[in-house]
Amino acid sequence: FFFNLVLLGIMADNKSVPRVPESLLKKRKTAEKHAVERAAKLAAAKKKRKETRKVIFKRAEKYVKEYRQTERDTIRLKRIARKSGNFYVEGEAKIAILVRIKGINAMAPKVRKVLQLFRLRQINNAVFVKLNKATINMIRIIEPYIAYGYPNVKTVRDLVYKRGYGKVNKQRIPLSDNSIVETALGSKGIICVEDVVHEIITAGDNFKAVTNFLWPFKLNTPTGGFKKKTNHFTEGGDYGNREEFINKLVQSMT
């Protein structure tokens, strides 16, 4: 009699507890596993970001010191030369910034091709170019269609930070995060926007990779407009080599 009562109790318990399908149990187990893996990945990514931030900060500090030291050295050498009654001649510029100022009316095919090679496909587009014999000869061909000169640190930094877009999977992506730069150029040791700026200013070994990654800058028409596009800068116009005066033009277009 007692055995029957126990048996009835077990059967009642089995009826009261609903059975869970095996497929649902497997799904829950898989979901828990994925949640643990995701949490581990997020923790690792957070730790990596923290370490990367420290590296970026140190690099930025180092670059600022480098730029200031270069500026001070130039001032010191100019003073020494002036004291001895001489002139200090700075070294030739390593890079130039090219800004397209004219359209396609009555343009020769060769000029059009060179503009395409420099990626200056629209008016007010700007690109950085490393100066060598080949690029200087190409610049001469398109000189009536561009304004160019030698950018300073402020111009390069403002352009990259304010108007900088990267080429990611053939798409134009704003440089709003250092991770975009690291994903594209991390293999070359370039992990942040400040590295991009430094590589351009110093015309480093990865200059080509950096400029190819950067989308051509799209600038505004300068404040107050252009003076006369058909005349050279030295004749009171706009096109041609402005040397360091290009900085004023670019900053008015940024």
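1. A residue is called buried here when its relative accessible area is under 20%, and by that reading both aspartate 238 and arginine 242 are buried in this predicted model. Aspartate 238 also forms a salt bridge with arginine 242, in which the closest N and O atoms are 3.3 Å apart.

2. The count of salt bridges comes to six, and another of them joins the side chains of lysine 78 and glutamate 90, at 3.5 Å from N to O. This pair links distant parts of the chain, since lysine 78 lies in helix α2 while glutamate 90 lies in the loop between α2 and β1, 12 residues apart. Lysine 78 is partly exposed, with a relative accessible area of 37%, and glutamate 90 is likewise partly exposed, at 46%.

3. Lysine 154 counts as partly exposed at 47% relative accessibility, whereas aspartate 158, with a relative accessible area of 16%, is buried.

4. Helix α9, which runs over residues 246-253, has as its buried residues Ile246, Asn247, Leu249, Val250 and Met253. Seen down the axis of α9, these buried residues fall within an arc of 160 degrees, so they line one face of the helix. What covers the buried residues of α9 includes the strands β1 (95-100), β3 (146-149) and β7 (240-243), together with helix α5 (153-163).

5. The largest pocket has a volume of about 1,500 Å³, and of the 33 residues that line this pocket, the closest to its centre are Glu90, Gly91, Ala93, Tyr150 and Pro151. Helix α2 (22-83) gives the most to the lining, with nine residues, and among the other elements that supply at least two residues each are α4 (133-142), α7 (193-202) and β7. The lining of the largest pocket divides into 14 nonpolar, seven polar and 12 charged residues.

6. The structure also holds one cavity of 30 Å³ or more, and the volume of the largest cavity is about 50 Å³. Among the residues that line the largest cavity are Arg119, Phe128, Thr211 and Trp215, and strand β2 (residues 125-130) gives the most to this lining, with three residues. By residue type, the lining of the largest cavity divides into seven nonpolar, one polar and one charged.

Notes
Residues are numbered from 1 along each chain as its sequence is written. This is a predicted model: local features need pLDDT of at least 70, side-chain atom pairs count only at pLDDT 80 or more; totals for chains, interfaces and linings use all residues. Side-chain values use heavy atoms; hydrogens and water are left out. Buried means under 20% relative accessible area, exposed over 50%, partly exposed in between (1.4 Å probe, protein chains only). Helices (H or I, at least four residues) and strands (E, at least two) are DSSP runs, numbered from the N terminus. The arc is that of the directions from the helix axis to the C-beta atoms. Contact means heavy atoms within 4.5 Å. On a 1 Å grid over the protein atoms alone, a cavity is a set of points where a 1.4 Å probe fits but cannot get out, and a pocket is an open set with protein on both sides within 12 Å along at least five of seven lines; lining residues have an atom within 4 Å of a point. Grid points are joined across faces, edges and corners, and a volume is the space filled by probe spheres set on the points. Ala, Val, Leu, Ile, Met, Phe, Trp, Tyr, Cys and Pro count as nonpolar, Asp, Glu, Lys and Arg as charged, and the others, Gly among them, as polar. A salt bridge is a side-chain nitrogen of Lys or Arg within 4 Å of a carboxyl oxygen of Asp or Glu.
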